[in-house]
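Please keep the structure in view while reading.

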Amino acid sequence: MSKSLNNHLDNLLNDAVKLLTTYQYELIQEWELTLQSLKNTKKKSIAVFEFISEFLVAFLYSVHNGNADLYKMLDEIQQEWHDHFKRAPEPEALIFHLNLLENSAHKVLKSRIVYSSKLHPSVHYLFSKISEVMLFQSEKENNTIWKDAVILFNEWIIRSQNFSESVENICFGFGHFLPFERCALFKFTNKESVGVGLFGHQLNNEEVKAIAEKITNIPVLNESIVKLKSQGHEMKNFQPIYIPVAEKDLPEKYVKKFELSSLIIVPIYVPEEGKIIGGVVLDQGPGNHFTVDTSLYPALMKFGQSSGELLSKFIQAEINQPNLSENSSVTLSPRETEIIKLLADGASTAEAALKLYLSEFTVRDYISNIMKRLNAQNRTEVAVKAIRMGLIE
């Protein structure tokens, strides 16, 4: 049986190589665009991407010419890395850049062929195999306890039966299997322009769910997670973002309400689809400052990936579909839309009246009517529901 399984996995790897070779020129162009984006950001670990992409390009050319051996390539990439850098790769940097390379592969394939479950997972397996062999020496030299945390986390969240259970299990897992006390999970909506609270662990859950914040109001998040780079090429950063002093980078209202000091933001992402679903905010309790050991980053990135893959299965059914049915029964006039947008931006009734050249009484009537139609209890809930339903951006 084991021989049969080995043969099957070998076939998966060979299928992936054939796919990448078939579209190697488009893939090389995509990798070049990503490399240029990395150069524009002056990323310190850019040498990792350059090395792996150049090695894989040479391998794909050799496959095209009929003189390549997959397992020899896996041995050689590890050896050439050590010959070139004289050290083991850092897990954080390696995982990040392999994600970018794999991202590009899926993007090219989806633009050329109809999605097939028999094809794309084989590409994921190939990049996982590359990661495995390149991290082998690193695992002998460094602490790899983070892998145990990833196994525990994955086994915990996989029991989730629906969207509600998944967000609760994800938040508990981040807080329980990693050295953090509080966790808040957010989903990005409106083309990743707004962060909407989904669940809070060791936090007031209703206060977290009431949050609907524009990403542009959090510059460190806006600049680090989702950026459009040169030549119109989109590159997304899947790495955790450590914020040592919250009051410097986050809106004052959240710093005060949740007594934020230091925190870390972990992207929730699906690398195969090249998209970020949301993010997890972690800290070590009210007012507690902390530093982050970078050895945590591989676990954080893997937690983020596992969470993204799980949530992506439930989001359409558990969030989008209810919103679509609710949205179909609610329409807003241009004036109502203007008022809700002002509420979402934090304007008072008087400020909204002044900007719209209306009386405060008229604005209050509008708000009261909208609250009834959206079944909202207050102004904040009006704004949050309108954003969730896609009535405003």
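1. Buried here means under 20% relative accessible area, exposed means over 50%, and partly exposed lies in between (1.4 Å probe, protein chains only). Because eight of the eight residues of β1 (residues 182–189) are buried, the strand is largely enclosed by the rest of the structure. Strands are DSSP runs of E with at least two residues, helices are runs of H or I with at least four, and both are numbered from the N terminus.

2. Basis of the values. The model is predicted, so local features need pLDDT of at least 70 and side-chain atom pairs count only at pLDDT 80 or more, while totals for chains, interfaces and linings use all residues. Residues are numbered from 1 along each chain as its sequence is written, and side-chain values use heavy atoms, with hydrogens and water left out.

3. Partners of β1. On one side, β1 is joined to strand β8 (residues 275–283) by six bridges, and the two run antiparallel. Within this pairing, Arg 182 has Asp 283 of β8 as its bridge partner. Strand β2 (residues 194–201) also pairs with β1 in the antiparallel sense, over seven bridges. Here Phe 186 stands opposite Gly 197 of β2. Two strands are taken to pair if DSSP finds at least two bridges between them.

4. Cysteines. How many disulfides does the structure hold? The count is zero, a disulfide being a pair of cysteine sulfur atoms within 2.5 Å. Cys 171 is in no disulfide, and the nearest cysteine sulfur, that of Cys 183, is 3.8 Å away. Cys 183 is likewise in no disulfide, with the sulfur of Cys 171 as the nearest at 3.8 Å. Cys 171 is buried, at a relative accessible area of 0%. Cys 183 is buried also, with a relative accessible area of 0%.

5. Helix α8. Cys 171 is one of the buried residues of α8, which also include Phe 163, Val 167, Ile 170 and Phe 174. In an α-helix there are 3.6 residues a turn, so residues three or four places apart point the same way. Helix α8 (residues 163–177) has 15 residues and spans 21 Å from its first C-alpha to its last, close to the 21 Å expected at 1.5 Å a residue. The expected span is 1.5 Å times one less than the number of residues. At the start of α8, a side-chain oxygen of Asn 162 comes to within 3.2 Å of the backbone nitrogen of Ser 164.

6. Two serines. Ser 262 is placed in the loop between α12 and β7 and counts as buried, because its relative accessibility is 0%. The side chain of Ser 262 makes a polar contact with the side chain of His 289 (2.6 Å) and reaches the backbone oxygen of Pro 244 at 2.7 Å. A polar contact is a pair of N or O atoms within 3.5 Å; within protein, one must be able to donate a hydrogen and the other to accept it, and residues adjacent in sequence count only if both atoms are side-chain atoms. Leaving aside residues up to four places away in sequence, Ser 262 touches several residues, among them Tyr 242, Leu 282, Asp 283 and Phe 290. Touching, or contact, means heavy atoms within 4.5 Å. Ser 131 is in helix α6 (residues 120–141) and counts as buried at 13% relative accessibility. Not counting residues up to four places away in sequence, Ser 131 touches Leu 94 and Leu 98.

7. Backbone points to check. Most residues other than glycine have a negative phi. Lys 86, however, has a phi near 60°, a positive value. Lys 86 lies in the loop between α4 (70–85) and α5 (91–112) and is exposed, with a relative accessible area of 68%. Glu 259 has a positive phi near 50°. The place of Glu 259 is the loop between α12 (252–258) and β7 (263–270), and at 49% relative accessibility Glu 259 counts as partly exposed.

8. The protein overall. The protein has 17 helices and eight strands. Of its 393 residues, 50% are buried. Among contacts between residues at least 6 apart in sequence, 66% join residues at least 24 apart.
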